[in-house]
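Reader: Can you walk me through this one? Start with the terms, then the chains.

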Amino acid sequence: METDRELLRTPDGFGTLFERHGRAIYNYCFRRTADWAAAEDLASIVFLEAWRKRESVQIHDETALPWLYGVATNVVRNRARSMRRHRAALERLPRGHEPDFANDAAERLDDARRMRNVLESFRLLPRRDQDVLALCIWSELSYEEAAVALGVPVGTVRSRLARARSRLRDEIDLAPKEARAR
Amino acid sequence: MNELTVPRDRDFPAGRLERRARHLVSELRPSRRRRLWPTLVPAIAILLVGATAFTAYRLTRDEPTVLESIGCYDRASLDANVAVVSPGAGGPVAACRRVWNQGAMEGPEPRRFAACVLSTGPIGVFPSTGSGTCAALGLADVSSRALAEARRFAALREAIFAKVGAPPSGLSRGSSLCLSEQSARRIVRQELDGRGYSDWTITTGGEPFSPERPCADVSFDGQEKAVVLLSGTR
(Lines give C-alpha, C1' and ligand atoms only; values in the text may rest on other atoms or scores of the structure.)
Protein backbone atom coordinates (compact mmCIF):
# COMPACT_ATOMS: atom_id res chain seq x y z
CA MET A 1 0.00 0.00 0.00
CA GLU A 2 1.28 3.44 -0.91
CA THR A 3 2.13 5.80 1.90
CA ASP A 4 0.38 9.13 2.32
CA ARG A 5 3.58 10.89 1.29
CA GLU A 6 3.63 8.99 -2.00
CA LEU A 7 -0.06 9.67 -2.61
CA LEU A 8 0.46 13.40 -2.24
CA ARG A 9 2.54 13.52 -5.43
CA THR A 10 -0.11 12.98 -8.11
CA PRO A 11 -3.77 13.78 -8.77
CA ASP A 12 -4.59 10.06 -8.84
CA GLY A 13 -2.80 9.67 -5.54
CA PHE A 14 -4.89 12.49 -4.09
CA GLY A 15 -8.01 10.60 -5.14
CA THR A 16 -6.81 7.61 -3.14
CA LEU A 17 -5.92 9.90 -0.25
CA PHE A 18 -9.49 11.20 -0.32
CA GLU A 19 -10.86 7.67 -0.12
CA ARG A 20 -8.49 6.99 2.79
CA HIS A 21 -9.11 10.11 4.88
CA GLY A 22 -12.24 11.69 3.36
CA ARG A 23 -14.60 10.16 5.92
CA ALA A 24 -12.67 11.58 8.88
CA ILE A 25 -12.54 15.03 7.32
CA TYR A 26 -16.23 14.83 6.35
CA ASN A 27 -17.25 14.13 9.93
CA TYR A 28 -14.94 16.84 11.25
CA CYS A 29 -16.50 19.37 8.86
CA PHE A 30 -19.97 18.30 10.00
CA ARG A 31 -19.07 18.80 13.64
CA ARG A 32 -17.82 22.30 12.91
CA THR A 33 -20.88 23.28 10.81
CA ALA A 34 -23.79 21.06 11.95
CA ASP A 35 -24.64 20.64 8.27
CA TRP A 36 -24.14 17.29 6.53
CA ALA A 37 -24.60 18.67 3.02
CA ALA A 38 -22.12 21.49 3.58
CA ALA A 39 -19.70 19.01 5.15
CA GLU A 40 -19.58 17.06 1.88
CA ASP A 41 -18.60 20.12 -0.13
CA LEU A 42 -16.18 21.29 2.54
CA ALA A 43 -14.47 17.88 2.56
CA SER A 44 -13.91 18.22 -1.18
CA ILE A 45 -12.60 21.75 -0.69
CA VAL A 46 -10.18 20.58 2.01
CA PHE A 47 -8.51 18.25 -0.48
CA LEU A 48 -8.50 20.89 -3.24
CA GLU A 49 -6.81 23.27 -0.79
CA ALA A 50 -4.45 20.53 0.37
CA TRP A 51 -3.31 20.05 -3.22
CA ARG A 52 -2.41 23.74 -3.41
CA LYS A 53 -0.47 23.48 -0.17
CA ARG A 54 1.04 20.04 -0.63
CA GLU A 55 4.58 21.40 -0.64
CA SER A 56 4.12 22.32 3.02
CA VAL A 57 2.67 18.97 4.08
CA GLN A 58 3.71 17.58 7.45
CA ILE A 59 3.64 13.82 7.77
CA HIS A 60 3.21 12.66 11.35
CA ASP A 61 3.70 8.96 12.10
CA GLU A 62 3.41 8.18 8.38
CA THR A 63 0.02 9.85 8.04
CA ALA A 64 -1.05 13.15 6.52
CA LEU A 65 -4.32 13.13 8.44
CA PRO A 66 -3.32 15.60 11.20
CA TRP A 67 -2.12 18.02 8.54
CA LEU A 68 -5.40 17.55 6.65
CA TYR A 69 -7.28 18.38 9.86
CA GLY A 70 -5.29 21.61 9.96
CA VAL A 71 -6.27 22.43 6.38
CA ALA A 72 -9.87 21.58 7.27
CA THR A 73 -9.76 23.88 10.29
CA ASN A 74 -8.75 26.79 8.06
CA VAL A 75 -11.31 25.89 5.41
CA VAL A 76 -14.13 25.80 7.96
CA ARG A 77 -12.96 29.01 9.61
CA ASN A 78 -12.94 30.78 6.25
CA ARG A 79 -15.91 28.88 4.94
CA ALA A 80 -17.41 31.59 2.77
CA ARG A 81 -14.09 32.42 1.16
CA SER A 82 -13.28 28.76 0.59
CA MET A 83 -16.66 28.15 -1.03
CA ARG A 84 -16.18 31.14 -3.32
CA ARG A 85 -12.72 30.07 -4.33
CA HIS A 86 -13.80 26.58 -5.28
CA ARG A 87 -17.35 27.25 -6.42
CA ALA A 88 -16.53 26.56 -10.06
CA ALA A 89 -14.93 23.22 -9.17
CA LEU A 90 -17.92 22.23 -7.06
CA GLU A 91 -20.28 23.12 -9.87
CA ARG A 92 -18.45 20.64 -12.09
CA LEU A 93 -19.16 17.84 -9.62
CA PRO A 94 -21.41 15.29 -11.35
CA ARG A 95 -24.64 14.95 -9.43
CA GLY A 96 -26.11 11.53 -8.84
CA HIS A 97 -29.72 10.51 -8.96
CA GLU A 98 -30.06 8.90 -5.56
CA PRO A 99 -32.06 10.86 -2.98
CA ASP A 100 -30.02 12.48 -0.26
CA PHE A 101 -29.55 10.33 2.82
CA ALA A 102 -32.56 8.21 1.91
CA ASN A 103 -31.79 5.54 4.45
CA ASP A 104 -31.02 7.65 7.47
CA ALA A 105 -32.63 11.00 6.82
CA ALA A 106 -34.30 11.24 10.23
CA GLU A 107 -31.12 10.36 12.07
CA ARG A 108 -29.12 12.92 10.13
CA LEU A 109 -31.69 15.61 10.86
CA ASP A 110 -31.44 14.71 14.51
CA ASP A 111 -27.63 14.82 14.27
CA ALA A 112 -27.81 18.32 12.83
CA ARG A 113 -30.20 19.54 15.53
CA ARG A 114 -28.04 18.10 18.31
CA MET A 115 -24.89 19.48 16.76
CA ARG A 116 -26.41 22.97 16.44
CA ASN A 117 -27.22 22.89 20.14
CA VAL A 118 -23.67 21.87 20.98
CA LEU A 119 -22.17 24.56 18.76
CA GLU A 120 -24.39 27.14 20.42
CA SER A 121 -22.30 26.79 23.58
CA PHE A 122 -19.12 26.04 21.72
CA ARG A 123 -19.17 29.30 19.79
CA LEU A 124 -18.81 31.27 22.99
CA LEU A 125 -15.27 29.98 23.35
CA PRO A 126 -12.37 31.68 21.59
CA ARG A 127 -11.73 30.16 18.17
CA ARG A 128 -8.37 28.76 19.20
CA ASP A 129 -10.04 26.90 22.06
CA GLN A 130 -12.80 25.66 19.77
CA ASP A 131 -10.20 24.26 17.39
CA VAL A 132 -8.25 22.36 20.02
CA LEU A 133 -11.40 20.93 21.61
CA ALA A 134 -12.81 19.87 18.26
CA LEU A 135 -9.57 18.14 17.33
CA CYS A 136 -8.63 16.54 20.64
CA ILE A 137 -12.07 15.67 22.02
CA TRP A 138 -14.32 15.17 19.03
CA SER A 139 -11.79 13.86 16.52
CA GLU A 140 -9.63 12.21 19.19
CA LEU A 141 -6.28 13.49 17.96
CA SER A 142 -3.32 13.18 20.28
CA TYR A 143 -1.67 16.35 21.59
CA GLU A 144 1.13 15.82 19.08
CA GLU A 145 -1.29 15.37 16.17
CA ALA A 146 -3.29 18.43 17.19
CA ALA A 147 -0.05 20.40 17.37
CA VAL A 148 0.70 19.43 13.77
CA ALA A 149 -2.83 20.34 12.71
CA LEU A 150 -2.75 23.75 14.35
CA GLY A 151 0.91 24.54 13.80
CA VAL A 152 1.55 25.25 17.48
CA PRO A 153 3.79 23.63 20.11
CA VAL A 154 2.46 20.59 21.98
CA GLY A 155 2.55 22.53 25.24
CA THR A 156 0.24 25.13 23.75
CA VAL A 157 -2.24 22.42 22.79
CA ARG A 158 -2.18 21.05 26.33
CA SER A 159 -2.69 24.43 27.96
CA ARG A 160 -5.46 25.48 25.57
CA LEU A 161 -7.25 22.18 26.09
CA ALA A 162 -7.02 22.43 29.86
CA ARG A 163 -8.35 25.98 29.82
CA ALA A 164 -11.16 25.15 27.40
CA ARG A 165 -12.21 22.13 29.45
CA SER A 166 -12.27 24.22 32.59
CA ARG A 167 -14.38 26.88 30.95
CA LEU A 168 -16.82 24.38 29.54
CA ARG A 169 -17.19 22.73 32.92
CA ASP A 170 -18.21 26.12 34.24
CA GLU A 171 -20.74 26.48 31.47
CA ILE A 172 -22.28 23.13 32.10
CA ASP A 173 -22.57 23.82 35.80
CA LEU A 174 -24.09 27.20 35.22
CA ALA A 175 -26.05 26.87 32.06
CA PRO A 176 -29.49 25.35 32.23
CA LYS A 177 -29.99 25.13 28.53
CA GLU A 178 -32.90 23.48 26.87
CA ALA A 179 -30.61 21.38 24.72
CA ARG A 180 -29.07 19.51 27.62
CA ALA A 181 -32.27 18.02 28.84
CA ARG A 182 -33.31 16.40 25.61
CA MET B 1 -19.04 16.79 29.17
CA ASN B 2 -22.36 15.18 28.28
CA GLU B 3 -23.69 18.35 26.69
CA LEU B 4 -20.79 18.29 24.29
CA THR B 5 -21.36 14.72 23.23
CA VAL B 6 -21.52 14.88 19.48
CA PRO B 7 -23.33 12.63 17.02
CA ARG B 8 -21.47 9.52 15.97
CA ASP B 9 -19.41 9.44 12.80
CA ARG B 10 -21.22 8.59 9.61
CA ASP B 11 -20.14 7.44 6.18
CA PHE B 12 -20.66 9.52 3.10
CA PRO B 13 -24.04 8.71 1.56
CA ALA B 14 -23.76 5.69 -0.72
CA GLY B 15 -21.47 6.25 -3.67
CA ARG B 16 -20.58 9.83 -2.80
CA LEU B 17 -17.07 9.18 -1.44
CA GLU B 18 -16.04 7.46 -4.64
CA ARG B 19 -17.73 10.06 -6.86
CA ARG B 20 -16.06 12.92 -5.03
CA ALA B 21 -12.70 11.14 -5.22
CA ARG B 22 -13.08 10.85 -9.00
CA HIS B 23 -14.15 14.49 -9.20
CA LEU B 24 -11.12 15.52 -7.15
CA VAL B 25 -8.77 13.70 -9.51
CA SER B 26 -10.40 15.32 -12.55
CA GLU B 27 -10.06 18.76 -10.98
CA LEU B 28 -6.41 18.28 -10.12
CA ARG B 29 -5.34 17.00 -13.52
CA PRO B 30 -3.89 19.83 -15.59
CA SER B 31 -6.36 21.27 -18.05
CA ARG B 32 -6.20 24.22 -20.39
CA ARG B 33 -9.36 25.71 -18.94
CA ARG B 34 -8.05 25.84 -15.41
CA ARG B 35 -4.58 27.03 -16.41
CA LEU B 36 -6.17 29.95 -18.21
CA TRP B 37 -8.65 30.73 -15.47
CA PRO B 38 -6.34 32.66 -13.15
CA THR B 39 -5.33 34.98 -15.98
CA LEU B 40 -8.96 35.75 -16.73
CA VAL B 41 -9.87 36.93 -13.27
CA PRO B 42 -10.23 40.68 -13.60
CA ALA B 43 -9.09 42.99 -10.90
CA ILE B 44 -12.64 44.16 -10.41
CA ALA B 45 -13.61 40.70 -9.16
CA ILE B 46 -10.95 40.98 -6.49
CA LEU B 47 -12.35 44.35 -5.49
CA LEU B 48 -15.86 42.92 -5.33
CA VAL B 49 -14.75 40.03 -3.15
CA GLY B 50 -12.92 42.47 -0.90
CA ALA B 51 -15.98 44.66 -0.62
CA THR B 52 -18.18 41.68 0.14
CA ALA B 53 -15.78 40.42 2.78
CA PHE B 54 -15.57 43.87 4.34
CA THR B 55 -19.34 44.15 4.43
CA ALA B 56 -19.66 40.71 6.02
CA TYR B 57 -16.97 41.66 8.53
CA ARG B 58 -18.79 44.84 9.50
CA LEU B 59 -22.11 43.07 9.80
CA THR B 60 -20.81 40.28 11.99
CA ARG B 61 -18.85 42.71 14.11
CA ASP B 62 -21.67 45.13 14.74
CA GLU B 63 -24.69 42.87 15.03
CA PRO B 64 -25.06 39.65 16.97
CA THR B 65 -25.99 36.75 14.72
CA VAL B 66 -26.83 34.26 17.47
CA LEU B 67 -29.62 35.20 19.88
CA GLU B 68 -30.55 31.81 21.34
CA SER B 69 -27.97 32.06 24.10
CA ILE B 70 -25.64 34.59 25.63
CA GLY B 71 -22.36 34.38 27.51
CA CYS B 72 -21.93 35.90 30.98
CA TYR B 73 -18.24 36.48 31.73
CA ASP B 74 -16.93 36.78 35.28
CA ARG B 75 -14.39 39.47 34.37
CA ALA B 76 -13.60 41.75 31.45
CA SER B 77 -11.47 39.30 29.55
CA LEU B 78 -12.08 36.87 26.72
CA ASP B 79 -10.17 34.33 28.81
CA ALA B 80 -12.56 34.68 31.74
CA ASN B 81 -14.93 31.99 32.92
CA VAL B 82 -18.20 32.11 31.08
CA ALA B 83 -21.71 30.93 31.85
CA VAL B 84 -23.98 30.25 28.91
CA VAL B 85 -27.56 31.21 29.65
CA SER B 86 -30.80 31.60 27.77
CA PRO B 87 -31.80 35.17 27.03
CA GLY B 88 -34.62 36.71 29.03
CA ALA B 89 -37.12 39.33 28.02
CA GLY B 90 -35.23 41.76 30.27
CA GLY B 91 -32.26 41.62 27.93
CA PRO B 92 -28.77 40.13 28.07
CA VAL B 93 -27.49 42.22 30.99
CA ALA B 94 -30.51 41.36 33.14
CA ALA B 95 -30.04 37.68 32.32
CA CYS B 96 -26.44 37.83 33.47
CA ARG B 97 -27.33 39.78 36.61
CA ARG B 98 -29.54 36.84 37.53
CA VAL B 99 -26.55 34.53 37.24
CA TRP B 100 -24.59 36.75 39.62
CA ASN B 101 -27.57 37.03 41.97
CA GLN B 102 -27.78 33.26 42.15
CA GLY B 103 -24.21 33.24 43.43
CA ALA B 104 -22.99 31.32 40.45
CA MET B 105 -20.05 33.67 39.89
CA GLU B 106 -17.22 34.22 42.33
CA GLY B 107 -16.91 37.62 43.97
CA PRO B 108 -19.31 40.52 44.42
CA GLU B 109 -21.77 41.39 41.68
CA PRO B 110 -20.36 44.12 39.45
CA ARG B 111 -22.25 47.36 39.39
CA ARG B 112 -21.96 47.78 35.65
CA PHE B 113 -21.88 45.48 32.67
CA ALA B 114 -21.05 45.87 29.01
CA ALA B 115 -22.79 43.89 26.26
CA CYS B 116 -20.45 43.14 23.37
CA VAL B 117 -20.70 41.24 20.09
CA LEU B 118 -18.41 38.22 20.25
CA SER B 119 -16.47 37.45 17.11
CA THR B 120 -18.38 34.18 16.82
CA GLY B 121 -21.80 35.88 16.74
CA PRO B 122 -23.47 35.74 20.16
CA ILE B 123 -23.67 38.51 22.75
CA GLY B 124 -21.14 38.42 25.59
CA VAL B 125 -21.79 40.36 28.81
CA PHE B 126 -18.72 41.52 30.74
CA PRO B 127 -18.24 43.33 34.05
CA SER B 128 -17.45 46.93 33.22
CA THR B 129 -15.79 49.81 34.96
CA GLY B 130 -16.86 52.38 32.42
CA SER B 131 -17.19 52.99 28.73
CA GLY B 132 -14.84 51.33 26.31
CA THR B 133 -14.98 47.83 27.79
CA CYS B 134 -15.93 46.21 24.49
CA ALA B 135 -13.39 48.21 22.52
CA ALA B 136 -10.66 47.22 24.97
CA LEU B 137 -11.51 43.60 24.22
CA GLY B 138 -11.41 44.23 20.49
CA LEU B 139 -15.19 43.81 20.27
CA ALA B 140 -18.05 46.00 19.15
CA ASP B 141 -20.71 47.27 21.52
CA VAL B 142 -24.12 45.75 20.94
CA SER B 143 -26.23 48.43 19.33
CA SER B 144 -29.42 49.56 21.01
CA ARG B 145 -31.30 48.21 18.02
CA ALA B 146 -29.70 44.79 18.47
CA LEU B 147 -30.44 44.85 22.21
CA ALA B 148 -34.07 45.58 21.42
CA GLU B 149 -34.11 42.71 18.95
CA ALA B 150 -32.57 40.40 21.54
CA ARG B 151 -35.31 41.32 24.01
CA ARG B 152 -37.98 40.85 21.35
CA PHE B 153 -36.63 37.41 20.47
CA ALA B 154 -36.44 36.44 24.14
CA ALA B 155 -40.07 37.51 24.59
CA LEU B 156 -41.06 35.29 21.67
CA ARG B 157 -39.30 32.32 23.24
CA GLU B 158 -40.90 32.89 26.61
CA ALA B 159 -44.35 33.27 25.08
CA ILE B 160 -44.00 30.02 23.15
CA PHE B 161 -42.61 28.17 26.15
CA ALA B 162 -45.51 29.47 28.26
CA LYS B 163 -48.07 28.05 25.85
CA VAL B 164 -46.39 24.94 24.51
CA GLY B 165 -44.33 24.09 27.58
CA ALA B 166 -40.76 24.79 28.54
CA PRO B 167 -38.35 21.90 28.17
CA PRO B 168 -36.66 20.58 31.30
CA SER B 169 -33.40 22.23 32.26
CA GLY B 170 -30.78 22.18 34.94
CA LEU B 171 -32.97 24.37 37.17
CA SER B 172 -36.47 23.13 36.43
CA ARG B 173 -38.20 19.91 35.59
CA GLY B 174 -39.91 21.46 32.64
CA SER B 175 -43.56 21.77 31.84
CA SER B 176 -46.07 18.97 32.20
CA LEU B 177 -47.99 20.24 29.18
CA CYS B 178 -48.31 17.72 26.40
CA LEU B 179 -49.44 19.29 23.16
CA SER B 180 -49.73 17.38 19.92
CA GLU B 181 -47.63 18.40 16.95
CA GLN B 182 -50.65 20.03 15.28
CA SER B 183 -51.63 22.01 18.37
CA ALA B 184 -48.06 23.12 18.96
CA ARG B 185 -47.67 24.06 15.32
CA ARG B 186 -50.82 26.21 15.43
CA ILE B 187 -49.77 28.03 18.60
CA VAL B 188 -46.21 28.61 17.41
CA ARG B 189 -47.49 29.98 14.10
CA GLN B 190 -49.79 32.39 15.91
CA GLU B 191 -46.96 33.64 18.10
CA LEU B 192 -44.56 33.99 15.20
CA ASP B 193 -47.05 35.92 13.10
CA GLY B 194 -48.25 38.03 16.01
CA ARG B 195 -44.75 39.07 17.02
CA GLY B 196 -43.32 39.97 13.64
CA TYR B 197 -41.61 36.70 12.84
CA SER B 198 -43.79 35.73 9.88
CA ASP B 199 -40.77 34.80 7.80
CA TRP B 200 -39.84 32.04 10.26
CA THR B 201 -40.77 28.47 9.44
CA ILE B 202 -41.84 25.58 11.63
CA THR B 203 -40.13 22.28 11.04
CA THR B 204 -39.90 18.94 12.78
CA GLY B 205 -36.76 17.07 13.72
CA GLY B 206 -35.57 13.99 15.50
CA GLU B 207 -37.81 10.98 15.94
CA PRO B 208 -41.28 11.22 14.42
CA PHE B 209 -44.33 11.90 16.57
CA SER B 210 -46.05 8.68 17.61
CA PRO B 211 -48.28 7.33 20.36
CA GLU B 212 -45.10 6.64 22.33
CA ARG B 213 -43.75 10.15 21.73
CA PRO B 214 -46.86 12.34 21.50
CA CYS B 215 -45.70 15.57 23.17
CA ALA B 216 -44.16 18.51 21.33
CA ASP B 217 -40.94 20.08 22.57
CA VAL B 218 -39.72 23.33 21.06
CA SER B 219 -36.25 24.31 19.92
CA PHE B 220 -35.18 27.52 18.21
CA ASP B 221 -32.76 27.85 15.32
CA GLY B 222 -32.17 31.54 14.75
CA GLN B 223 -29.69 31.11 11.95
CA GLU B 224 -32.19 29.07 9.93
CA LYS B 225 -35.09 31.22 11.16
CA ALA B 226 -36.93 28.08 12.21
CA VAL B 227 -38.78 26.75 15.21
CA VAL B 228 -38.15 23.02 15.43
CA LEU B 229 -40.80 20.76 16.96
CA LEU B 230 -39.42 17.60 18.52
CA SER B 231 -41.39 14.62 19.72
CA GLY B 232 -41.11 13.73 23.39
CA THR B 233 -42.77 12.24 26.42
CA ARG B 234 -43.86 13.66 29.78
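Author: Helices (H or I, at least four residues) and strands (E, at least two) are DSSP runs, numbered from the N terminus. This is a predicted model: local features need pLDDT of at least 70, side-chain atom pairs count only at pLDDT 80 or more, and totals for chains, interfaces and linings use all residues. Residues are numbered from 1 along each chain as its sequence is written, while chains are lettered from A and ligands numbered from 1 in the order in which they are written.

Reader: How many helices and strands in chain B?

Author: Chain B has 7 helices and 8 strands.

Reader: And what does the secondary structure of chain A come to?

Author: 10 helices and 0 strands. From the N terminus on, chain A reads α-α-α-α-α-α-α-α-α-α.

Reader: What about contacts between residues at least 24 apart in chain A?

Author: They are 65% of the chain A contacts between residues at least 6 apart in sequence. For chain B, residues 24 or more positions apart give 55% of the contacts with a separation of 6 or more. A contact needs C-beta atoms, placed from the backbone, within 7 Å.

Reader: What is the mean pLDDT of chain A?

Author: The mean is 84, and 87% of the residues of chain A reach 70 or more. pLDDT is the predictor's confidence in each residue, from 0 to 100.

Reader: Helix packing next. At what angle do α3 and α4 of chain A pack?

Author: About 115 degrees, with the axes of α3 (residues 36-52) and α4 (residues 65-77) 9 Å apart. Axes are lines fitted to C-alpha atoms, for helices over the stretch in contact, and angles run from 0 to 180 degrees between N-to-C directions.

Reader: Which residues meet there?

Author: A:L42, A:I45, A:V46, A:E49 and A:A50 in α3(A) meet A:L68, A:V71, A:A72, A:V75 and A:V76 in α4(A). By class, that contact has 9 nonpolar, no polar and 1 charged residues. Ala, Val, Leu, Ile, Met, Phe, Trp, Tyr, Cys and Pro count as nonpolar, Asp, Glu, Lys and Arg as charged, and the others, Gly among them, as polar.

Reader: And how do α6 and α7 of chain B cross?

Author: The axes of α6 (residues 144-164) and α7 (residues 181-194) of chain B come within 10 Å and cross at roughly 150 degrees. That makes α6(B) roughly antiparallel to α7(B). Angles under 35 degrees count as roughly parallel, over 145 as roughly antiparallel, 65 to 115 as roughly perpendicular and the rest as oblique.

Reader: Is A:E62 buried or exposed?

Author: Exposed, because A:E62 has 9 C-beta neighbours inside 10 Å.

Methods
Two residues are in contact if their C-beta atoms, placed from the backbone, lie within 7 Å. A residue is buried if 20 or more other C-beta atoms lie within 10 Å of its own, exposed if 12 or fewer, and partly exposed in between; C-beta atoms are placed from the backbone.
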